[in-house]
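Biologist: Before I use the labels on this model, I would like to hear what stands behind them.

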Amino acid sequence: MLRIGDNIFSDEILEKKFRCDLSACSGNCCHYGDSGAPLTEEEAGILKSEWPAIKPYLRAEGVAVIEKEGTSIVDFENDLVTPLISGAECAYTVMEGSIFMCGIEKAWLHRALKFRKPISCHLFPVRIKRYPGFNAVNYQELPLCSPALRRGSAEGVYLYEFLKVPLLRAFGEGAYHEMCITAKKMRKRKTRR
């Protein structure tokens, strides 16, 4: 475990090799799950205020769900999340061929808004769980990400390297720099054994 300020990072974030392979997984992280993507209060507010800018980038079925249920909802665990289409994919998903992609990010790429996407999506498969006094930052291993584990191993890319941009966004440059230093020290210790 690595503690940086109020955040405790699991060793897997520094040790696991991982690189998304959309051609193999089809973006199914946007399709499968118990509920929608976790949102912060701030993100829910952004989705609500930016809805007119996001709407043109979404599929008709996603627009219909959002207009019926709202830009964010509270799920069965009382968490703030994105709504789902028929209990499956996130209402903000779009299809690029047979691959699920983020419509919010598509709007961002077209400079229709400044918000890229929810941090929970950007950090996936890393999850942040907030507790009184600290945040647990853990890698969530899912079968749908097995192609990413294979690709990361083949290319020698560590999870924290693959997630550099969202980790910087969520925790800042100082924390990311400390992660890099700690990961290198951990690898050196393992090679000495």
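Predicted model: local features only at pLDDT ≥ 70, side-chain atom pairs only at ≥ 80, totals over all residues.

Modeller: Residues are numbered from 1 along each chain as its sequence is written, and side-chain values use heavy atoms, with hydrogens and water left out.

Biologist: Why are β5 and β6 called paired strands?

Modeller: Strands are DSSP runs of E, at least two residues, and helices are runs of H or I, at least four, numbered from the N terminus. Two strands pair if DSSP finds at least two bridges between them. β5 (residues 93–96) and β6 (residues 99–102) have four bridges, in the antiparallel sense, so they pair. Thr-93 stands opposite Cys-102 in β6. In this hairpin, with two residues between the strands, Gly-97 takes a positive phi near 70°.

Biologist: Which residues of α7 are buried?

Modeller: Buried means under 20% relative accessible area (exposed is over 50%, partly exposed in between; 1.4 Å probe, protein chains only). In α7 (residues 146–155), Pro-147, Ala-148, Leu-149 and Gly-152 are buried. The buried residues of this helix pack against α2 (22–25) and β8 (134–139).

Biologist: What makes a set of residues a nonpolar core?

Modeller: Its members are buried Ala, Val, Leu, Ile, Met, Phe, Trp, Tyr and Cys residues joined through side-chain atoms within 4.5 Å. The largest has 27 residues, of which Phe-9, Ile-13, Tyr-160 and Leu-167 touch the most other members. Its largest share, six residues, comes from α10. A second, separate core of 20 residues includes Ile-85, Cys-90, Cys-102 and Leu-113.

Key. Contact = heavy atoms within 4.5 Å.
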